[in-house]
Structure formats: C-alpha cells, structure tokens
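Some notes on this model follow, as numbered points. Please read them with the structure open.

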Amino acid sequence: MRHGIDDLLTLMQVLRDREQGCPWDLQQDWDSIVPHTLEEAYEVADAIDRRAFDELPGELGDLLFQVVYYAQFGAEEQRFDFADIVDTLTAKMLRRHPHVFPEGTLASRRPPGVSAQEVQTQQVNSRWESLKAEERAERAVEKPSVLDDVPRTLPALSRAAKLSKRAARVGFDWPDARGVVAKIREELAEVEEALAAGDKQHAQEEVGDLLFAVTNLARTLNADPEQCLRATNTKFERRFRFVERELSAAQRPLTEASLDEMEVHWQAAKAEEKQSTHS
C-alpha cells in the first residue's frame, strides 16, 4: 500500500505528540527548522544538478517534510494548517495565470484552438508582475518597495540577482552588458586601490561590490549566478582531483609539490577537457 499526504500529516502529528512523540521533534520550533529547510532545498538542487533522478524523490520528500513541519507548528498555534497552505497556493496560482484559467477557477480554460504559444509572453509577464506587486502592496504596512519580499535568507548571490532584477524592472539598469562590464572594471580597480593602501576592511567591502556587479552581468546574460558558480565549483573540483591523481601516480605528495608542478597538471586537465569536448 502506498502512503499518501494524509499519512504524512498524521506521522507529523504523532512525532509532535507530547506523550508519544519523538523527543527531538518535540524540541523543534519555527527558528530551529529553518536551517534544515535551506539544507534540504540545496540537496534537491544538488541532485538535479548531478541528474541523480533516483535520489530525487527522497530529496523532494525531505523538502516536503519541512513544509509539513511548518504546517504542524501553525496548527498547534491555531494560526493555519496544511489545508490553508494548499488553498492559499492554489488561489494565488489561479490569480497569476489568467491566460490559463480565464475565470479564475480550476475548471476554466482558454477558448478551443488557442494554444499556449499564441498567448503573448510579454502580456503574461506584465500581468504576472502586476499581480505580484498587488500582493506585495496588500501585505505591506508602509509604502511598498519594489524590493519587498526578497527573502533575506537566500544565498547572497541569488538575493543579489533578485534585488538587481527588481530594480532593473523600473529602469534602474545599464542599457546593455557593456555597461555592466565597465562597472566590473571600476569595482576591480577600487579593490586594487584598497589593497595598495593596505586597507583590508575597505578591500573586503569593495569585493562585495565587485561580486554584486558580476551578479548583474550574469543577469544581463539571462544566467543564474548560483548555477554559474556551481558549474565552476564542479569544474574546479574535477580539475583539482585530476592534479591529485597525477601527483599520486608520480608518488609525489601533494604537500611537497610546487605550484609550478601543480600548474602543469592543471593545464593538462584543461587540455584533456577541451579535447574531450571537441571529440
């Protein structure tokens, strides 16, 4: 027999039961679970990046379990429950997709013969942003900002990309990628000036500005900076492991190898990758 969502909700209720529950689960609260939620989201992204689809159901389940946790906290405090989460999400998606559900109901559809490709993407995006802005305005106590609801807990690169994207939508942006490249050169020069002056704290601040500018460049190229960096991390790891293997084969301890020796093997790794790509 396959388990369903009701079984999962019951499981969580038992885990949190004061008499029969799990001591660890009973100790958890809103704040203690957040790090686990972020970790599980990263593990989902990692499994997808590695195309480890056999692992993905388990990782997605771990992420779903985090949502069930928050639903249980909400129910215990009589704030909301899992059904409220599903209802809120479904209603929001219906509002945001009037081109798919024209009457705002799950049963409504576009007229026969009108394909998704025929829906004007620009109009859809415009309507989407308008709806999101309305939702932000409804939640804001003070005058809403275009930067509202960009989560502070996002990885810094992802948050930088979202902040700059929001600002760009209202015209705070460079006309093209060349302007961003010029900004990167400007920020790099300021890093060099701080280093030349021996001002480490200022240099760190300027490195942050440099990273933000590079994030903007990724955005102008329609690239996710997190994915760009993950790909580079994977490439670096692959090449460094090649260096380790080559030195080990030569019975040369890594700690005794010179930088020049390691660089030779690093370049060999790059050449091998290039040859493999073109073969």
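1. Where does Asp176 lie? Asp176 sits in the loop between H7 and helix H8 (177-196). Helices are DSSP runs of H or I with at least four residues, strands are E runs of at least two, and both are numbered from the N terminus. At 29% relative accessibility, Asp176 counts as partly exposed. The cut-offs are under 20% relative accessible area for buried, over 50% for exposed, and partly exposed in between (1.4 Å probe, protein chains only). The C-alpha atom of Asp176 is 7.4 Å from that of Thr220, although 44 residues separate the two along the chain.

2. Basis. This is a predicted model, in which local features need pLDDT of at least 70 and side-chain atom pairs count only at pLDDT 80 or more, while totals for chains, interfaces and linings use all residues. Residues are numbered from 1 along each chain as its sequence is written, and side-chain values use heavy atoms, with hydrogens and water left out.

3. Largest pocket. Its space is about 770 Å³. A pocket here is an open set of points on a 1 Å grid over the protein atoms alone, where a 1.4 Å probe fits, with protein on both sides within 12 Å along at least five of seven lines; lining residues have an atom within 4 Å of a point. The volume is the space filled by probe spheres set on the points, which are joined across faces, edges and corners. The lining has 28 residues, and Leu154, Ser158, Ala161, Lys162 and Asp224 lie nearest the centre. Helices H3 (30-49), H6 (121-139), H7 (156-169) and H10 (225-249) each give two or more residues to the lining. H7 gives the most, with six.

4. The lining of the largest pocket has 14 charged, eleven nonpolar and three polar residues. Asp, Glu, Lys and Arg count as charged; Ala, Val, Leu, Ile, Met, Phe, Trp, Tyr, Cys and Pro as nonpolar; the others, Gly among them, as polar.

5. Thr215. This residue belongs to helix H9 (residues 200-220). Thr215 counts as buried because its relative accessibility is 2%. Beyond its neighbours within four places in sequence, Thr215 is in contact (heavy atoms within 4.5 Å) with Leu157, Ala160, Ala161 and Pro225.

6. Cores. Which residues make up the largest nonpolar core? The nine are Leu9, Met12, Ile33, Val68, Tyr69, Tyr70, Ala71, Phe73 and Phe82. Such a core is a set of buried Ala, Val, Leu, Ile, Met, Phe, Trp, Tyr and Cys residues joined through side-chain atoms within 4.5 Å. Helix H1 (5-15) and helix H4 (56-76) each give two or more residues to this core. H4 gives the most, with five. Phe82 touches Ile5, Leu9, Val67, Val68 and Ala71, leaving out residues up to four places away in sequence. A second, separate core has six residues, including Val180, Val191, Leu210 and Ala213.

7. Backbone check. Most residues other than glycine have a negative phi. Arg51 has a positive phi, near 55°. Arg51 is in the loop between H3 and H4, and counts as exposed at 53% relative accessibility. Phi of Asn222 is also positive, near 60°. Asn222 lies in the loop between H9 and H10, exposed with a relative accessible area of 74%.
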